[in-house]
Amino acid sequence: MRNRVSLTGTAVGVVVAGALSTTLVPFTASPAWAQACATSDVVCLINAQRTQRGLPALTLNQNLTTAAQQHAFAAVQQRWWGPGRNPHVNPQTGSTPQSRILGAGYCPNPVSWRVAEIAYTGWGGSGTPNAAANWWMNSPPHRANILDPGLREIGRGVQAGAADPAGAGASGAGTYVVTFGSCQR
């Protein structure tokens, strides 16, 4: 199994995800969702998980997407993710999920708001959207963010290449950052 590190960040702090067992429990999208997304988009896969459990699908938000995409790009360029490292805090800029999301213009002047971020990098056969979604759904803190009924919007960042130096130059590498939000103005 390739080394992967992923953490969950929220507005109140960053929660470190525990180690996963080496056996992942696969998940499948419902037939209707599977036809629509063909496992090629993490947003579609996440929404499939939510709707299968009676939760509303998340709405794609451009500001959340901007924050996620910029973070995914920086992660692949800098390759700081790895065992024992926090993929949610950029070591060069110090940016956090909260600072990136607010900096992208999400939820200006709110009455209340919440944000969260999940991240994944993989290579070889593990650099796909489906591998990312499987990993997240088998990690309790990430699964909790995906299935949080209070979160209403989503943004995605996808970047070819590994954010972990161990995957540098490997084939089939992909890095995924998903940001979530809920904004009341």
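Buried, as the word is used in these legends, means under 20% relative accessible area. The model shown is predicted.

**View 1. The disulfide of C107 and C183.** The structure holds one disulfide, in which C107 is paired with C183 and the two sulfur atoms lie 1.9 Å apart. The link joins distant parts of the chain, since C107 belongs to the loop between α4 (97-103) and β4 (112-122), while C183 belongs to strand β6 (residues 174-184), the two cysteines being 76 residues apart. The angle about the S-S bond is 80 degrees, and the link of C107 and C183 is right-handed. A disulfide is a covalent bond between the sulfur atoms of two cysteines.

View 2. C107 has a relative accessibility of 4%, and because the cut-off for buried is under 20%, C107 counts as buried. Its disulfide partner, C183, is instead partly exposed, with a relative accessible area of 27%. C44 has a relative accessible area of 10%, which is under 20%, and C44 is therefore buried.

View 3. With regard to accessibility, N109 counts as exposed at 73%, because exposed means over 50%, while C107 counts as buried at 4%.

Terms used:
Residues are numbered from 1 along each chain as its sequence is written. This is a predicted model: local features need pLDDT of at least 70, side-chain atom pairs count only at pLDDT 80 or more; totals for chains, interfaces and linings use all residues. Side-chain values use heavy atoms; hydrogens and water are left out. A disulfide is a pair of cysteine sulfur atoms within 2.5 Å. Helices (H or I, at least four residues) and strands (E, at least two) are DSSP runs, numbered from the N terminus. Buried means under 20% relative accessible area, exposed over 50%, partly exposed in between (1.4 Å probe, protein chains only).
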